[in-house]
Amino acid sequence: AKEFGNWGENQACAFLQRHRFFIKERNYFSTVGEIDIIAQKGEDFYFVEVKTRIAGELASDLSITSSKKKKIQKTVRKYCYQRQIPDTGIVLAGLLVIYDRVAGKISFRLAVFV
């Protein structure tokens with residue numbers, strides 16, 4: 001499962017780079033939590049939680065729970081404080097990487113947290 005997750009994060013980075021995001025950091029860890037990908041596009045910083053799934057019913061936006069979102073928010077605050085990043089232009093997002101074994105295709109769904 002960890003290997004599949006790492007593969008998904010690599011796919012997510014490639015997807016973001018194709019869409020003109022600059023990957024600033026990967027797998028940021030703190031005592032509060034972890035952020036999979038920190039990317040920048042223009043003046044905005046994107047803090048991205050990646051979920052890799054096999055195509056099917058578990059491949060949905062619900063794979064990032066509200067408690068996980070709260071943990072991410074705390075981690076983002078700590079990251080921004082440590083790096084002296086202003087809290088404007090901060091985007092929290094989930095990126096679902098879906099692998100369809102039958103078709104052999106990968107699809108992506110980027111969703112901003114509200």
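**Exercise 1. Strand pairing around β2**

Task: Starting from Ile 23, which stands opposite Ala 39 in β2, work out which strands β2 pairs with in this predicted model, and in what sense.

Solution. 
Step 1. Strand β1 covers residues 22-29 and is joined to β2 by 6 bridges. The two strands run antiparallel, and they form a hairpin with 4 residues between them.
Step 2. On its other pairing, β2 meets β3 over 5 bridges, again in the antiparallel sense. Ile 37 has Val 48 as its bridge partner in β3.
Step 3. The hairpin of β2 and β3 has 2 residues between the strands, and there Gly 42 takes a positive phi near 65 degrees.
Step 4. Because 7 of the 8 residues of β2 are buried, this strand is largely enclosed by the rest of the structure.

**Exercise 2. The largest nonpolar core**

Task: Which residues touch the most other members of the largest nonpolar core, and which elements give two or more residues to this core?

Solution. 
Step 1. The core has 14 residues, and Leu 16, Ile 37 and Val 48 touch the most other members.
Step 2. The elements that give two or more residues to this core are α1 (2-18), β2 (34-41), β3 (44-54) and β4 (90-100). The most come from α1, with 4 residues.
Step 3. Take Ile 37 and leave aside residues up to four places away in sequence: the residues touched include Ala 12, Cys 13, Leu 16 and Ile 23, and also Tyr 46, Phe 47, Val 48 and Val 50. Glu 9 and Glu 25 are on the list as well.

**Exercise 3. The setting of Thr 75**

Task: Is Thr 75 buried or exposed, and what does the side chain meet through a polar atom?

Solution. 
Step 1. Thr 75 is placed in helix α2, residues 66-83.
Step 2. The relative accessible area of Thr 75 is 0%, and the cut-off for buried is under 20%, so Thr 75 is buried.
Step 3. A polar atom of the Thr 75 side chain lies 3.4 Å from the backbone nitrogen of Gly 33.
Step 4. Not counting residues up to four places away in sequence, Thr 75 touches Gly 33 along with Tyr 28, Ser 30, Val 32, Glu 34 and Ile 35.

**Exercise 4. Rings**

Task: How many aromatic pairs are there, and how are the rings of Phe 4, Trp 7 and Tyr 99 arranged?

Solution. 
Step 1. The count comes to 6 aromatic pairs.
Step 2. For Phe 4 and Trp 7, the ring centres are 5.7 Å apart and the planes are at 10 degrees; with stacked set at under 30 degrees, this pair is stacked. Both residues lie in helix α1, 3 residues apart, about one turn of the helix.
Step 3. For Trp 7 and Tyr 99, the centres are 5.7 Å apart and the planes are at 75 degrees, so the pair is edge-to-face. This pair links distant parts of the chain: Trp 7 is in helix α1 and Tyr 99 in strand β4, 92 residues apart.
Step 4. Phe 4, Trp 7 and Tyr 99 form one aromatic cluster. Phe 4 is partly exposed at 28% relative accessible area, Trp 7 at 29% and Tyr 99 at 24%.
Step 5. Elsewhere, Lys 69 lies over the face of Phe 113, at 5.2 Å from the ring centre.

Note on methods. Residues numbered from 1 in each chain as written. Predicted model: local features only at pLDDT ≥ 70, side-chain atom pairs only at ≥ 80, totals over all residues. Heavy atoms only, no water. Core = buried A, V, L, I, M, F, W, Y, C linked by side-chain atoms within 4.5 Å. Buried < 20%, exposed > 50% of the residue type's maximum accessible area, 1.4 Å probe, protein only. Contact = heavy atoms within 4.5 Å. Polar contact = N/O pair within 3.5 Å; in protein donor to acceptor, adjacent residues only side chain to side chain. Phe/Tyr/Trp six-rings, centres within 6.5 Å; stacked < 30°, edge-to-face > 60°. Lys NZ or Arg CZ within 6 Å of the ring centre and 35° of its normal. Pairing = 2+ DSSP bridges.
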